Amino acid sequence: MRSLRALIGRLGGLAGGEDRDREFRAELESHLQMHIDDNLRAGMSATDARRHALIKLGGIEQTRERYRDRQGLPVVETAVKDLRFAMRLMRRDPALTGIILLTLALGIGANAVMFSVVNAVLLRPLPYDDPARLVSVQTAQAADRSLMLTSPPDFYVYREHNRTLSHLDAFYTRSMNLTGSADPERVPTLVASSGFFANLGIQPAFGRGFVFEDEEWGAHRVVVLSDGLWRRRFGADSRIIGRPVTLNGEPHVVIGVLAPAFSFMGLDVQLVAPMAFEPGDNLNSHSNYFLRMLGRLRADVTLEQAAGDLNRLSEAIIAEQSVNEGTVLAVSSLREALSGAVRRPVLVLLGAVAFVLLIACANLANLLLARGVVRQREVAVRLAMGATRARLVRQFLVESLSLSVAGGALGLSLAYASTNALNALSMQVLPRAQDIRVDPTVLSFTCAIAVVTGILLGLAPALHGVGADLVEGLKDSTRSASDSRGRHRLRAALVVAEVALSLVLLVGAGLMVKSMSQLLRIDPGFQADRVLTLQINLPAQKYVERSSIGRCRAISRDFLRFSIASSWETISGPSEFEFAAAARSRTMTRSRAPRWLS
């Protein structure tokens, strides 16, 4: 309790220090004058009276220092003084200060940006309930482990008969025609089995998710909207639940709206619809493989156990149906499925920007060493007046930390701006790109980087500056100090380190450019120049007769033939209502282009 009261008293002593020092100085002067008067009455001369009075008090300045130590926190007060001195040095040479701050801002900012990517892609937990138990289940070739998709009948067997997963759901993506009061539009849609939301452990912001009955054909015409589509298309109407919308010419009922933060595997999801198949639908057969599967492990079940259980079912399907021969089921964590392919490139880039920061530190340390030549006499004078070398080292470190913290603040502002640009990256390029942001973790990392950078930046100049010869430093000429062998060796070592790190980065960059150049020169097996593709999906409710489907195909062929294509080829889709075309465009001037291309 006594120690706590003493600490509180010292903290209180930090406030109002100048007034208290002034009062103590006046009191000390009065005591000194009283001792002088006593000595004068004792018959001493004025000089001897003052000298003996000072000896009795123990020295004015020494007494004041002891008083300050007892009344405040000397470490804090000294740090504040050092910081003020560092600010004065920065204002004294604005050109050098600007170069240092700009260099540090680029180096620390690049590290903050890359760590924000690493944090979002590799470190931050997935935004689902208990994400460690979520797994990706995919069919793979037994020979080379290349991944494939799964057919609906196989999925239903896995979901019903597995013993290791508490949930197993399938999903695929397609585009649907949304029509109604506003303009028609093609909407990216996630089609998922009924347990999808429960598997992820999320619920719509309002409304409900899917239930098992929504998989039944006829009861499947329900839909969950994304927050973006709800706001853009329906004006964020809170009465949207229960309202009908028309998808692919069929009425559907809105049953829920997703939260704004919903994201799933980098897919562009505007709608979520339940997976249901009409009786006799060719899609629900062993000949169509278009599903991906998402599972949740039961408690205390490992990935290996789940893979063994599912492969037991896969072997039974192969034996019974004579399909899927030469395939196995691969089970991996959902995080690994999302970020496994980019883990190594992201970590390599993080190491590269760390090397850039080290190069910047070596370069700036050389600049500070050069500035130390000018301050050699100042350091020598302070040492001669009684300052300790540790005290001067601390002063040098405070100066470098001030620069690095200021540079870190500028770098953090660059990181904020850069993360906004990274958010616009396609999720196919970088998974969870929309989650990249400067959060408290990135902020803490940046602060730590700034502190470490400040120490690395100032340690060598500090140790070398206070380790110089005191006599040489007090000389009028600074040539001998600037030409000292020790300083020359230290600067040469920093230059060597800088060149070595730069060489590593240049070699890595050269290899990457070479690899990219070789990838661009790979022959795809066809001439991709001026090749266009288009896809047409016909609503089954409007194109009931086969003759109408044939007329639509013919119109599409004529359009390609007479407008933009010199050659074309029609490609059938998974159903008779879907087909695509690949065409080679003519070399057109703007006057020859169709009106819709103008």
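First, a definition to keep at hand: a residue is buried under 20% relative accessible area, exposed over 50%, and partly exposed in between. I also noted that this is a predicted model.

**Entry 1: charged pairs.** I searched the whole structure and found 14 salt bridges. I began with R133, which bridges to D130 with their closest N and O atoms 3.3 Å apart. Because D130 has 32% relative accessibility, it counts as partly exposed. R133 is partly exposed too, at 27%.

Next I looked up D48 and R51, whose closest N and O atoms are 3.8 Å apart. Both sit in helix α3, three residues apart, or about one turn of the helix.

Then came R208 and D214, a salt bridge with closest N and O atoms 3.1 Å apart. Is D214 buried or exposed? I found that D214 is buried, with a relative accessible area of 4%, while R208 is partly exposed at 34%. I also saw that E185, R232 and R233 are joined into one network by salt bridges that share partners.

**Entry 2: the nonpolar core.** Which residues touch the most other members of the largest nonpolar core? I found Y158, M275 and M293, out of 24 residues in that core. Helix α10 gives the largest share, five residues. Apart from this core lies another one of 23 residues, including L126 and V272.

How values were computed
Residues are numbered from 1 along each chain as its sequence is written. This is a predicted model: local features need pLDDT of at least 70, side-chain atom pairs count only at pLDDT 80 or more; totals for chains, interfaces and linings use all residues. Side-chain values use heavy atoms; hydrogens and water are left out. A nonpolar core is a set of buried Ala, Val, Leu, Ile, Met, Phe, Trp, Tyr and Cys residues joined through side-chain atoms within 4.5 Å. Buried means under 20% relative accessible area, exposed over 50%, partly exposed in between (1.4 Å probe, protein chains only). Helices (H or I, at least four residues) and strands (E, at least two) are DSSP runs, numbered from the N terminus. A salt bridge is a side-chain nitrogen of Lys or Arg within 4 Å of a carboxyl oxygen of Asp or Glu.
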